[in-house]
Structure formats: structure tokens, C-alpha cells
There are 2 protein chains.
Amino acid sequence: MAQRKARKGQTGPAVTLTDVAREARVSRITVSRVIRRQGPIAAETLKRVEAAIRKIGYVPNRVAGSLASAGSDLVGVILPSLGNIVFPDVLNGIHDSVAPHGYRAMVSVTEYSLEAEYQAVSALLSWRPAAVMVTGLEHKKETIKLLRNCGVPVVELMDIAGEPIDIAVGMSHQRVGEETAQRLLGAGYRRIGLVGHDLVRDLRASKRRESFLNALDEAGHALAGEVIVPGASSVAAGRTGLSQLLKLHPKIEAVYFLNDDMAIGGVFHCMNQGVRLPDQLAIIGFNGLDIGQALPQPLTTVLTRRREIGALAGQCVLDRLSGREVPSITDVGFDFIKGATA
Amino acid sequence: MAQRKARKGQTGPAVTLTDVAREARVSRITVSRVIRRQGPIAAETLKRVEAAIRKIGYVPNRVAGSLASAGSDLVGVILPSLGNIVFPDVLNGIHDSVAPHGYRAMVSVTEYSLEAEYQAVSALLSWRPAAVMVTGLEHKKETIKLLRNCGVPVVELMDIAGEPIDIAVGMSHQRVGEETAQRLLGAGYRRIGLVGHDLVRDLRASKRRESFLNALDEAGHALAGEVIVPGASSVAAGRTGLSQLLKLHPKIEAVYFLNDDMAIGGVFHCMNQGVRLPDQLAIIGFNGLDIGQALPQPLTTVLTRRREIGALAGQCVLDRLSGREVPSITDVGFDFIKGATA
DNA sequence: TTGAAAGCGCTAACAT
DNA sequence: ATGTTAGCGCTTTCAA
């Protein structure tokens, strides 16, 4: 991991503050002040120092700076996946809110493994970030311990139904499941099926399913059929999922897809088989992806404010770092999109 | 940016190596060796140190470690956008290849601005990363200067048609445009249109367009019509783009969409308007997104190996850091997918 | 197998 | 407005 030497030895010993100071005929601390635009500097000195920096091509060393000042501009973000536009959307929101204030995101991906999450949190904390964001409220005991003791703001993203470690920004997946069931029942559908994916790993999808089933149950109805496709959710998975479901339970009237990727696949299956939506079959999804709304028949689904979750999470961190009070739970809510498929 | 103090002052002064050393009754350097699993350690000592670490909840400080060893495990990755699954795919490939070797990605997003790219590169280099990855071969002069002098491996992602700063991993967008034109002409289409987006910012899309037009030209044909939608590409943009194009030039036989997002929107437009694909109109896209292949009629398009670009970029970095030779250009190529829309 | 001494490059705190 | 001094927490010699 030694990396001082260059590709072809073009780079000599690293250029440091000291070199700039020598070149500009000032002390090192003066250069430091110029770089950080902090404290009073004479216009004349400023010019000399900046010229020196440019002349010798100095790039400040934040590793040293952070060590000296016991602070960094890093915001650690740990996401379950990047294979679905949902989390990039959140990341985008985070980036847009914190980057203007000089913070940068350091991203790790867990592929929905809580063990990988623990590893990522450890590694991240060793960089002494200014804040940490993780996804969801479920973590390993060890992870929670690390996060509780790390001394910086911790945001849990996406979900709010539980006890946050510090700050939670998201929505209640329980309520989504519940209300989705109520919508379908309210619209008169009775023979209702469900297509889902890897529930062991995607814990929030699992919460939606649970509360959906409970709500059906409480209304005196049982699920007419269910297909859980193995692995990650995808359009293709939704297509085959629905195909299987209809084969097993041909009389189903409506299907809840645990997310839009799969729901869109379901819509494609129907197009292909000439199943008319929503007359012959109703489809409802979750997320409100753009593409679902651009379908010939826009998808009926639940709009989640993903970018907003990221942006608010960033704002919470900024507020907390400025000493302001931050609510421990921020519910961004969700909205039903009355599309044309249910 | 001071962050030593905790939310409610629960955290005392940071736990350091020294604390572990005291607890385990060894010297600090011994603890350091245990943490890095480097150098010889007696089994007995190892056990004591690890127990001490766990007991007092020590989290190593890589900021200090990196400063002392002049090396970090950070790989800086600068991407134009996360709003499209293409770049998350690349990032995924990078992550999967470097993470097992202990490197972590530090991501910045530029929204296709070369000035933002310059800022991101500066900020990144100040963290003394082990390697840097940027997107494309076009950069500001200042950015190139920084990257040339930074002394660590630099990978330019996605494009290979040009002079790399150090290492380029990608494909020739020129050839994509050319061959796309040849395909359409070879299939007998003559009245050919194009739907594109923000060409000033997405320079690779612009290259595809240029070479597409050139190839038509060389074959003695002119573009029958073109719509450049403002802003970012999206499914919705492709839908309206095609709608406009057909209004202006109703007799068009085939349309080249500069990427799949827009092409899928085009397909949706046709579904909606009852335009039969590919008889009445042919559509060809670019990227080979999963969703395009899950459409009732799979999209005819060009498969790009995005994940592979990321994975190979990571491998190049690993190789270079181990002192192995690395080719300055790696062409991952591309493949036509013969779908059902052209 | 373990340790002591000497920094890495920067900034906080206190002069001047 | 600028400088001096003393570290930040770790790793790299070199020595035992």
C-alpha cells in the first residue's frame, strides 16, 4: 500500500506545506491559514502564498489535516445495493445536500448482508468520518454498539418503524403494506396474490409483506397465492413470478408486487399474454419509479421520496454538526399513485 | 468540523492504541502489529491484545495510520451521475473487485460538469488515495495536470478512443455509432432518425451520434430527422422525443436512440400509438439494460459491459499497485443484441 | 518476538 | 497579521 513512488518515478518526495512556506517566504501556519481560508491574512501575503501553491503544484494533505484537527469532511454511507435505482437516488439526495457544505460521501455496499454491514461500519469508522449513514433499523448487535459509541451523528435511512440508534429518516413500511391492502380491498378486489423476492435479506420488503398479510387477515381475507422469486428483485423476476402465480392460481384478481421492478415485469407479462389491466388483473407496486409512470398504462404504485430521504438525512447531519437539535425520527411519508393498473 | 465530542457528551477522549497497549501490558507497536497482522507475534500476546481491543472497544484510526505509512486504502471514483443504472453498475464492478483486497471506494458525482470533476479530483487527491478513477477521456487541463502528477494509478472509465492519462478501460463509442449505422443500413432502413439528449454534457453520447452521422454520410445517406431532448435522458424523454420526431418526420423507418432509457420510452410510445415494431418503425438503443430485454418485445440494442469495465478497472489498479505491468488501454468491446424492435 | 525513538504533514493554542 | 511550540495517533526504522 506504499504509494509514494510514482508510476515511473517521476514524482519526487511529496510536496508539503513546508515547501510552499519556503517558496512564499512565510511560516507554515500562514500557508495553512490560506488553504483553510481561516483567520486574518494580508492581501499581499495571500497572493504570494497562492502563487507559491500554484507554482509548485501543492495538493493539501487532508489525512494530516484531519489527524491534527480531529475532524474530517467524510460522510460514510452504507447501502445494501446499487443494482436498483432506489439507493442511487438516496445517495444522490445525500450528495446534493452535504457536498455544498464541503462534505463528501464515502460509500460502501453490503448486498443486504448484515455481516458485510458490520465490516463496512468498522472500516468506515476507522476513517473518523463526520457522520455515518446506514440503511434500515436492523443491524447486528456489534454494529449497533459501534455506532452508539462512535461519537458522531448516525442516520438510519429508509425505515422509521423502530428504535433508532440516533436519527432515522424514512417512512413506515408497515403502513405501506397495510394501506396497500386496504386500497385493494377498498377497490373491491378479493382474490389477491403477492409476488416478492428475497425476504430474508430485504427486511423492509419483508415488513411490507407482513403488514399486507395482516391487513388482509384482519379484514377476513386470506392471500389467494404467493410467489417468492429467489434472489434479487428485477423486471425479469417479476415477469416469471407473475407467470408462475397465475399458473398456480388462475383466478387471482389483483397482485401486490413488493416493488416496482417486479411490478413492471408483471405488466410486461400481461402485455405479452394479452391480459387486460386492470379489468382482468390488477397490479400494484412500490416505489414509484419513473419508468413505471412512463408505461403505456402507468403503474399503480406507492411513491417513495427517496431523494428526499437522502437530502433530509444530509440536512439532519449538517444541523447536528452545527449543534442544532435534530428530531430522532423524520417521516417523509409516501403517496399512492393512482395509475392505470389497479 | 470538530467532532470529538459526542451527542450528549457520553464519549470521553478517543480510545487509542496507547490505551490498548496499557490494557494488554505490551508496547504500542505490538498492538499496531496485531491490528495490521504484520510481523511476528506470540500467540499468547495476540490473545491478550485482541482481548484488550474488544474490552475497551478500540477502533483503529486509519487517518493516523495512513499519515504514518503514507498510504491509504481509498480508491477515489468520480462518476458523472447516479441517476441512471449504468454508473452504479460500473461502481458495483469496481467495488466487487477491490473490496476483497481491502480497498474502499470514495465516490463523487459531477452531474456531467467538468468543473465539478476538477473540484472532485482536487478534494479526492487531498485524501491521498491509493488510486483514482474518473469517467471518460475528456477533462479540464487542470484536472489532467493534477492526475498526471498525483503519483498513483489513474483509470479513465468507459471510453478508450483517445490518449489516456494513465490507464483507460472501456470501449469505443465511435465504433458503436458507426456499427449501429451500418446495422440499420444493412437491414435496409433508409429513412433514419435519431433521438438524443444533452450532448454538450454527455460527451460519449455525443461521440456515438457523430460517428453514426458520419457513417450514414459515408454510405450516401442523410439523417431523416433528429430530436435532441433537453436535460438528462429518461424513459419519459424518449417517449416525448419519439412523439415529436414522428410528428416532424412521419415517414421515418428507423430511429437510433442514444441510449436504452430513451429507446424504452420510444417503445412505450409505439405501444401506446399502436405503431407496430419493427414493421412500421424500427428502434435501436444503447446499453443493453435488463429492462429493455424484459419488454414484451425485447429491445434491439448494444450491450455494454458496464460491470466488467468496473471490475477490470479495479483489477488494473490492483495489478499496478502490486507492481505488475498494466496495459494502458483495455477494450471491453460491445455486442449487438438482436432484439425484436429492429 | 518485542520495544524505543523519530517522525508522517498538518493544525490548535498561545505568543508576538 | 504572523509566528512558535507542541502535539494528533499511528508506523517506520533500528535495536535488543
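Helices, of at least four residues, and strands, of at least two, are taken here as DSSP runs numbered from the N terminus. On this basis, the secondary structure of chain A in the predicted model comes to 13 helices and 12 strands. The C-alpha trace of chain A spans about 85 × 45 × 35 Å along its principal axes, and its radius of gyration is 26 Å, whereas a compact globule of 342 residues would have a value near 20 Å. Of the 342 residues of chain A, 52% count as buried. Among the contacts in chain A with a separation of 6 or more, 68% are accounted for by residues 24 or more positions apart.

The relation between the two protein chains was examined by superposition. Two copies of a chain are related by a rotation about an axis and a shift along it.

At the interface itself, 57 residues of chain B are in contact with 58 residues of chain A. On the side of chain B that touches chain A, two or more residues each are given by helix 4 (62–69), helix 5 (86–98), strand 2 (104–109), helix 6 (114–125), helix 10 (235–248), helix 11 (260–273) and helix 12 (290–294) of chain B. By class, the residues of this side divide into 30 nonpolar, 18 polar and nine charged.

Helix 4 was also considered from the side of chain A. In helix 4 of chain A, the residues Val63(A), Gly65(A) and Ser66(A) are buried; because they cover an arc of only 165° around the axis, they are placed on the same side of helix 4 of chain A. The cover over the buried residues of this helix includes helix 4 of chain B. Following helix 4 of chain A is Ala70(A), which has a positive phi, near 55°.

DNA strand C is surrounded by 27 residues, the closest of which are Leu17(A), Ser32(A), Gly65(A), Ala68(A) and Pro40(B). The elements giving two or more residues to the surface near DNA strand C are helix 1 (17–24), helix 2 and helix 4 of chain A, together with helix 2 and helix 4 of chain B. This surface has 15 nonpolar, 10 polar and two charged residues.

For DNA strand D, 27 surrounding residues are found, with Pro40(A), Leu17(B), Ser32(B), Gly65(B) and Ala68(B) as the closest. Two or more residues are given to the surface near DNA strand D by helix 2 (28–36) and helix 4 (62–69) of chain A, and likewise by helix 1 (17–24), helix 2 (28–36) and helix 4 of chain B. The surface near DNA strand D comprises 15 nonpolar, 10 polar and two charged residues.

A further position in chain B was examined individually. Glu50(B) lies in helix 3 of chain B, which covers residues 43–56, and is partly exposed, with 15 other C-beta atoms within 10 Å. Although Glu50(B) and Val34(B) are 16 residues apart along the chain, their C-alpha atoms are separated by 7.8 Å.

Conventions
Residues are numbered from 1 along each chain as its sequence is written. Chains are lettered from A and ligands numbered from 1 in the order in which they are written. This is a predicted model: local features need pLDDT of at least 70, side-chain atom pairs count only at pLDDT 80 or more; totals for chains, interfaces and linings use all residues. Two residues are in contact if their C-beta atoms, placed from the backbone, lie within 7 Å. Ala, Val, Leu, Ile, Met, Phe, Trp, Tyr, Cys and Pro count as nonpolar, Asp, Glu, Lys and Arg as charged, and the others, Gly among them, as polar. A residue is near a molecule or strand if its C-beta atom, placed from the backbone, lies within 6 Å of it. A residue is buried if 20 or more other C-beta atoms lie within 10 Å of its own, exposed if 12 or fewer, and partly exposed in between; C-beta atoms are placed from the backbone. The arc is that of the directions from the helix axis to the C-beta atoms. The radius of gyration is taken over C-alpha atoms; the globule rule is 2.2 Å times the number of residues to the power 0.38.
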